[in-house]
Amino acid sequence: MLTIRRSSERGHFDHGWLDTFHTFSFGDYHDPQWMSFGPLRVINEDVVAPGAGFPKHPHRDMEIVTYILSGAIDHEDSSGGKGTIRPGEVQAMSAGRGILHSEYNPSKTEPVHLLQIWIKPRENGLAPRYDQRAIRVGEGSLKLIASADGRDGAIPIHQDAEILAGKLKPGARAEHELKPQRRAWVQMARGSAKVNGSELNPGDGVGITGEPRVTIEPISDAEVLLFDLP
C-alpha cells in the first residue's frame with residue numbers, strides 16, 4: 001500500500017530568515033493524520049537565509065540527522081560536538097537524556113537548503129552524542145548513509161532503521177528489498193521519479209507498507225532519500 005504526502009499539503013511557514021516545510025506535525029503545525037510514520041517523526045525541509053540560524057535550544061530522546069542539499073551550516077552542541085556540514089556530509093546527533101545545540105548559516109550571501117530528520121530512538125535516556133562524516137551519495141544507485149550498526153561507513157543511529165540516499169538519472173532504476181514486517185518512506189529531495197508506479201515530484205513523500213520492495217524510476221535528474229523502518 002502506498003500513502004502519498006504531496007509537497008503542497010505539508011505544513012509551511014515563511015519566517016523571513018527561515019522558509020520551512022513540515023511533512024509531519026512539528027512546532028506550531030499540527031495535523032493528527034500526519035504525526036509520524038513508524039519511528040520516523042520529522043522531515044523538515046528548511047531554507048535558512050545567509051547569516052541566520054537556530055539559536056541554542058534543547059532536545060531529548062531523539063535521533064536527529066541533517067542532510068544538506070546546498071550551502072553549509074555550522075553546528076555546536078553541549079556534548080562537545082562541533083562542525084560545518086556541507087553537501088556530501090551527514091550529521092547525526094543523539095539528543096539522549098538532554099542536549100543543547102545551535103545551527104547557523106555561516107555564509108553572508110548564500111542560503112542553506114537542508115533536510116532535518118528526526119527518528120525516535122529504540123530507548124530513552126541514552127547518553128548524548130554527535131557524529132559527522134563524509135559519505136558520498138550513490139550516483140545511479142542508493143547508498144546507505146545511516147543505520148543502527150553503522151556498516152559500510154554509514155553514520156550510526158540508536159534505532160533499527162536505515163537511511164539510504166541516491167542521485168539518480170532517467171533510466172537508472174533503483175530497487176530496495178524490504179524484509180517482512182518492514183515499511184519504507186521515500187522522500188523526493190529534488191527532481192521527479194516514479195516510486196512503485198506512482199509519480200513523486202520535489203518535496204513529495206510516500207509511505208510504503210505491505211510490499212516486498214521499493215522501486216524508484218527517475219523521470220528527471222532526482223535526489224531521493226529512502227527510509228527502511230520497523
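Mentor: Happy to! Let's begin with Asp-61, which counts as buried because its relative accessibility is 16%; buried means under 20% relative accessible area, exposed over 50%, and partly exposed in between (1.4 Å probe, protein chains only). Keep in mind that this is a predicted model: local features need pLDDT of at least 70, side-chain atom pairs count only at pLDDT 80 or more, and totals for chains, interfaces and linings use all residues. Residues are numbered from 1 along each chain as its sequence is written, while side-chain values use heavy atoms, with hydrogens and water left out.

Asp-61 sits in the loop between strand S5 (53-59) and strand S6 (63-70). Strands here are DSSP runs of E with at least two residues, and helices are runs of H or I with at least four, numbered from the N terminus. The backbone of Asp-61 deserves a glance too: phi is near 50°, a positive value in a residue other than glycine.

Asp-61 also turns up among the neighbours of Gly-96, which is in contact with Arg-60, Asp-61, Met-62 and Leu-126, leaving aside residues within four places in sequence. Contact means heavy atoms within 4.5 Å. Gly-96 belongs to the loop between strand S9 (89-94) and S10, and it counts as buried because its relative accessibility is 4%. Ile-85 lies 11 residues from Gly-96 in sequence and 21 Å away in space, C-alpha to C-alpha.

Strand S10 (residues 99-104) then brings us to Glu-103. Glu-103 is buried yet has no salt bridge, and Lys-56, the nearest side chain of opposite charge, is 11 Å away. For charges, Lys and Arg count as positive and Asp and Glu as negative, with His and the chain ends not counted; a salt bridge is a side-chain nitrogen of Lys or Arg within 4 Å of a carboxyl oxygen of Asp or Glu. What Glu-103 does have is a polar contact, side chain to side chain, with His-101 at 2.7 Å. A polar contact is a pair of N or O atoms within 3.5 Å; within protein, one must be able to donate a hydrogen and the other to accept it, and residues adjacent in sequence count only if both atoms are side-chain atoms. Among the residues that Glu-103 touches, beyond four places away in sequence, are Gly-53, Phe-54 and His-57.

The positive phi has a counterpart elsewhere: Asn-196, not a glycine either, has phi near 50°. Asn-196 is in the loop between S19 and S20, and it counts as partly exposed because its relative accessibility is 23%. Strands S19 (residues 193-195) and S20 pair in the antiparallel sense over 3 bridges, where pairing requires DSSP to find at least two bridges between two strands. Val-195 stands opposite Ser-198 in S20. Both strands belong to an open sheet of 4 strands in the order S17-S22-S19-S20, with antiparallel pairing. Its edge strands are S17 (174-177) and S20 (198-200), each pairing on one side only.

Glu-177 lies in S17 and Arg-213 in S22 (residues 213-218), so the pair ties together parts 36 residues apart in sequence. Glu-177 is partly exposed, with a relative accessible area of 46%, and Arg-213 is partly exposed at 33%.
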